[in-house]
Amino acid sequence: MTVRASQRAFLACKTRWLICRNCQYVLSAHTKAITCVKWGGEGLIYSASQDCTIIAWAADEGKIVRVLK
């Protein structure tokens, strides 16, 4: 799995475990630049932003699990 963050306030997550194709999610919920991205284990990715939020994402679905303010 490759995770990339950019200052444009989105998180791109590419999973490479699919045999026949490459699946890509663009996870956008932050309103300001992302400052940190961490693999949380148990299928979660955490992103922190200058908008003072931390978002837990489901890595397999690309959906928000929880928002911490």
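Strand S6 is mostly covered, four of its five residues being buried, where buried denotes a relative accessible area under 20%, exposed one over 50%, and partly exposed a value in between, with a 1.4 Å probe and protein chains only. The structure is a predicted model, in which local features were required to have a pLDDT of at least 70 and side-chain atom pairs were counted only at pLDDT 80 or more, whereas totals for chains, interfaces and linings use all residues. Residues are numbered from 1 along each chain as its sequence is written, and side-chain values use heavy atoms, with hydrogens and water left out.

Along the sequence, the pattern is accordingly β-β-β-β-β-β-β. Of the 69 residues in the protein, 33% are buried. Among contacts between residues at least 6 apart in sequence, 23% join residues at least 24 apart, a contact being defined by heavy atoms within 4.5 Å.

Confidence is expressed as pLDDT, the predictor's confidence in each residue on a scale from 0 to 100. The protein averages a pLDDT of 76, and 64% of the residues score at least 70. The lowest confidence is found in strand S2 (residues 11–15), with a mean of 55, and the highest in strand S7 (residues 63–68), at 94. Over residues 16–21 the pLDDT is below 50, and this stretch has three contacts in the model beyond near neighbours in sequence.

Four strands form an open sheet in the order S4-S5-S6-S7, with antiparallel pairing; two strands were considered paired if DSSP finds at least two bridges between them. From one strand to the next, the twist averages 20 degrees, with axes fitted as lines to C-alpha atoms (for helices over the stretch in contact) and angles running from 0 to 180 degrees between N-to-C directions.

Strand S6 (residues 54–58) is joined to S7 by five bridges, and the two strands run antiparallel. Within this pairing, Ile-54 stands opposite Leu-68, and Ile-55 has Val-67 as its bridge partner in S7. The two strands form a hairpin with four residues between them, and Gly-62 in the turn has a positive phi of about 75 degrees. In S7 the number of buried residues is zero out of six, so this strand lies largely in the open; S6, by contrast, has four of its five residues buried.

On the other pairing of S6, five bridges join S5 to S6, again in an antiparallel arrangement, and Tyr-46 of the former strand stands opposite Ala-56 of the latter. These strands also form a hairpin with four residues between them, in which Cys-52 takes a positive phi near 65 degrees. Cys-52 lies in the loop between S5 and S6 and is exposed, because its relative accessibility is 62%. Cys-36 is partly exposed, with a relative accessible area of 30%. A search of the whole structure finds zero disulfides, a disulfide being a pair of cysteine sulfur atoms within 2.5 Å.

A positive phi also occurs at Glu-42, where the angle is about 50 degrees although the residue is not a glycine. Glu-42 is placed in the loop between S4 and S5 and counts as exposed, because its relative accessibility is 84%.

Ser-49 belongs to strand S5 (residues 44–49) and counts as buried, because its relative accessibility is 9%. The side chain of Ser-49 reaches the backbone oxygen of Lys-32 at 3.0 Å. With neighbours within four places in sequence left aside, Ser-49 is in contact with His-30, Lys-32, Ala-33, Ile-34 and Thr-35.

Terms used. Polar contact = N/O pair within 3.5 Å; in protein donor to acceptor, adjacent residues only side chain to side chain.
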